Amino acid sequence: MGDHAIPLMTFAQAVRDALEVALEQDPAVIVYGLGTPDPKGVFGTTLGLQEQFGADRVFDMPTAENAMTGVGIGAALGGLRPVLTHQRLDFALLSLDQIINNAAKWRFMFGGRRAVPLTIRMILGRGWGQGPTHSQNLQALFAHIPGLCVVSPATPADAKGLLLTAIFGEDPVIFLEHRWLHGAKGETPAGDHRIPIGKAHLLRQGGDVTVVASSILSLEALQAVDHVAAQGAACDLIDLRTIRPLDWDAIETSVRKTGRLLVLDPGHETGGVAGEIIARVTSRCWESLRGPPRRLAMPDAPESTSPALTQGYHVRAEHIAAAIGDLLGRPLESASLSRRDHPHDVPGNDFQGPF
Amino acid sequence: MVHPLDPGVALRILRDMIRIRAVEEAIADRYAEQKMRCPTHLSIGQEGPAAAVGAVLGRQDLAVSGHRAHAHYLAKGGDLPAMIAEIYGKATGCSRGNGGSMHLVDEAVGFMGSTAIVGGTVPVGVGLALSLSVARRPGLVCIFIGDAVLETGVFYEAAGFAAVRKLPVLFVCENNLYSVYSSLEVRQPAGRALAEVAGALGLQASSGDGNDPRAAYGLLKSAADRVRNGAGPQFVELATYRWREHCGPLFDNDLGYRTEAEYLAWKARDPIPRLTEELRSEGTLDPAWLATTQAEIQAEIESAFAFADVSPFPDQALAYADVSSWEITPFP
């Protein structure tokens with residue numbers, strides 16, 4: 001690696017790197033959550049930080065999600081920049097009162113006098129029997145709340161850059177990390193690398209179909225879009241990066257060009273973010289649309305624990321490629337995308353559980 | 001027990017109680033004008049604990065509270081005109097009209113916020129204490145709660161963390177026996193003492209009569225001193241009673257959820273005449289001081305209401321301005 005090469009990191013290492021940079025930069029940053037300093041360090045994302053920065057600033061907590069969220073709010077009002085981590089989003093549901101009634105509203109309900117710079121990392125589980133209450137992506141629930149920002153990165157560089165922006169921002173951020181992305185590698189700039197919140201990333205350019213994705217579905221979409229490009233179907237692939245605020249300009253500009261929209265939603269279909277995007281596009285870009293927009297989301301049912309029942313549950317590259325073909329009105333080869341060298345319920349053969 | 005109290009402190013407590021009651025009665029008197037268009041929870045009858053806390057806390061100390069917070073805000077030194085203007089929904093209100101009676105804030109004097117969800121500011125107060133601890137700053141955080149907060153899970157969660165980290169927190173529990181119209185009997189098993197529950201959580205706990213302001217001050221001062229000496233979180237339960245309806249300006253003994261006899265018994269324990277008489281009999285209360293104080297307070301209140309009345313409403317164009325700095329383009 002040359003002097004100026006961009007380091008290659010896993011997503012988990014990139015998150016840890018962002019936390020280390022933030023802790024180094026500002027003594028006001030604190031990092032806590034159940035298991036933060038434990039031997040596994042939240043899938044490697046917090047390993048060694050307590051040794052490096054001390055137990056005053058990096059610490060474990062009681063299994064008291066609601067209070068510990070309020071503690072983060074109070075600490076933020078007292079001048080700190082807390083980062084709270086939940087090993088699953090599902091656990092954070094115990095803290096909805098503090099998130100929705102306090103964190104999201106403090107700025108508003110006290111007349112804009114004070115905001116709450118609190119970052120809440122929530123890890124999204126999937127597969128390996130995570131089941132009904134360890135695998136929910138409820139991004140739409142959080143995105144529904146005025147005052148919350150919802151970030152959902154797909155790449156290590158974005159994870160680092162968006163996490164740093166979140167930590168040093170003024171207002172609360174829900175930071176959604178997909179467990180299956182933790183092992184994914186990518187070039188990740190060193191140092192205080194920041195990416196603006198609210199700006200999408202155009203991963204591929206093409207004039208036929210607009211594909212909007214986020215989190216792990218951006219990686220599935222990348223496979224699909226490259227696969228259909230070889231068959232002459234050129235797509236804009238928009239990785240949202242941020243669920244709220246949404247980068248409407250990026251979506252509308254693309255749809256006005258392509259006239260065809262496919263939205264991928266890692267949450268349940270009903271009341272989901274894809275529905276919001278399609279509603280907005282149909283009301284604002286109606287004249288540009290060549291046909292009805294399409295969405296692929298998770299079913300309106302919880303994820304089963306049994307591997308036998310999760311075969312068709314998630315949106316995969318082959319579904320995306322087929323949907324692009326549907327939008328274009330011509331069949332595209334997609335079946336070959338479903339041939340994987342590993343079982344469907346793990347991100348790769350190196351993942352052998354347990355969570 | 002009459003706490004050996006500096007006469008200056010006793011007069012301060014008396015003045016604060018008189019002032020809080022006068023403000024609350026002025027709100028009650030004017031509520032029917034329909035200019036204060038928000039739910040308003042008055043502290044008439046339970047001024048004792050707030051005034052005693054006000055005398056214990058210093059400028060660098062912080063406080064948070066719940067829905068019945070006027071007394072706490074005023075005792076901590078909160079700006080009166082900004083409070084009245086807030087209840088009027090005016091731009092000059094302490095929360096610029098977005099919060100109303102249940103969202104008071106005056107960070108300049110350490111009143112960090114009161115909110116409308118029971119128990120909601122308990123962990124926020126503990127977090128403020130954490131920030132003092134991490135930054136090695138002096139001071140403590142007073143968390144005002146009512147008896148119903150000991151029925152919320154978040155209290156147990158937050159108290160546990162405060163105890164684990166030995167944070168500088170003073171819980172002040174005003175036990176007025178009712179959560180809206182529900183008495184303690186339907187909310188706690190018979191014989192359960194709230195202070196004992198708090199003690200079991202690792203909070204050093206005491207309890208006393210909130211309508212005996214000097215006794216209350218004594219308990220609070222001892223507890224605050226222990227916090228300042230690094231003993232960790234303390235809990236003081238003070239018995240008191242709200243005279244008027246849960247929310248609003250009226251009396252509600254006709255509803256039947258509590259008896260007229262109970263109300264009259266508590267009214268006979270009014271903390272203001274009690275302390276007035278004590279100080280008078282001890283020769284530390286000058287009748288002229290009392291008259292002057294009452295006149296000053298009335299003038300201050302008239303001025304605060306006049307300020308609220310003539311203050312402008314917030315600009316409609318700024319109605320959604322304070323949602324989030326992240327919102328580049330608000331949702332349509």
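A polar contact is a pair of N or O atoms within 3.5 Å; within protein, one atom must be able to donate a hydrogen and the other to accept it, and residues adjacent in sequence count only if both atoms are side-chain atoms. The model discussed here is predicted.

Q: Which helix of chain A gives the most residues to the side that touches chain B?
A: Helices α4 (65-77), α6 (96-103), α7 (106-109), α9 (156-167) and α12 (273-284) of chain A each supply at least two residues of that side. By class, the side of chain A that touches chain B has 25 nonpolar, 13 polar and 11 charged residues. The helix that gives the most, with 10 residues, is α4(A).

Q: What is the area buried between chain A and chain B?
A: The size of an interface is often given as the accessible area lost when the parts come together. Here 49 residues of chain A are in contact with 42 residues of chain B. Carbon and sulfur atoms give 63% of the buried area, which is about 3900 Å².

Q: Which residues of chain A lose the most area to chain B?
A: The area buried between the two chains is about 3900 Å². Three residues of chain A together account for 15% of what that side buries. They are Phe108(A), Phe110(A) and Arg113(A).

Q: Which residue of chain A meets Glu327(B) in a salt bridge?
A: Side chains of opposite charge can pair when their charged atoms come close. Between chain A and chain B there are three salt bridges. In one of them, with N to O at 2.6 Å, the partner of Glu327(B) is Arg244(A).

Q: How many residues apart in sequence are Asp158(A) and Arg241(A)?
A: These two residues form a salt bridge whose closest N and O atoms are 2.9 Å apart, and both are buried. Asp158(A) lies in helix α9 of chain A and Arg241(A) in the loop between β11 (235-239) and β12 (242-244), so the pair ties together parts whose separation in sequence is 83 residues.

Q: Which helix of chain A holds Arg107(A), the partner of Asp171(A)?
A: Asp171(A) and Arg107(A) form a salt bridge, with closest N and O atoms 2.8 Å apart. Both residues are buried. The pair links distant parts of the chain, 64 residues apart: Asp171(A) is in the loop between α9 and β7 (173-178), whereas Arg107(A) is in helix α7.

Q: Is Glu282(B) buried or partly exposed?
A: The side chain of Glu282(B) meets that of Arg214(B) in a salt bridge, 2.4 Å from N to O. The pair links helix α8 (residues 213-228), which holds Arg214(B), to helix α10 (residues 271-282), which holds Glu282(B). Arg214(B) is buried, with a relative accessible area of 3%. Because its relative accessibility is 44%, Glu282(B) counts as partly exposed.

Q: Which residue has its backbone oxygen 3.4 Å from a polar side-chain atom of His193(A)?
A: His193(A) is in the loop between β8 (185-187) and β9 (201-204) of chain A. It counts as buried because its relative accessible area is 18%, under the cut-off of 20%. Among the residues that His193(A) touches are Lys160(A), Gly161(A) and Leu164(A). The backbone oxygen at 3.4 Å belongs to Ala157(A).

Notes
Residues are numbered from 1 along each chain as its sequence is written. Chains are lettered from A and ligands numbered from 1 in the order in which they are written. This is a predicted model: local features need pLDDT of at least 70, side-chain atom pairs count only at pLDDT 80 or more; totals for chains, interfaces and linings use all residues. Side-chain values use heavy atoms; hydrogens and water are left out. Contact means heavy atoms within 4.5 Å. Buried area is the accessible area (1.4 Å probe) that two parts lose on being put together, summed over both. A salt bridge is a side-chain nitrogen of Lys or Arg within 4 Å of a carboxyl oxygen of Asp or Glu. Helices (H or I, at least four residues) and strands (E, at least two) are DSSP runs, numbered from the N terminus. Ala, Val, Leu, Ile, Met, Phe, Trp, Tyr, Cys and Pro count as nonpolar, Asp, Glu, Lys and Arg as charged, and the others, Gly among them, as polar. Buried means under 20% relative accessible area, exposed over 50%, partly exposed in between (1.4 Å probe, protein chains only). Lists of a residue's contacts leave out its neighbours within four places in sequence.
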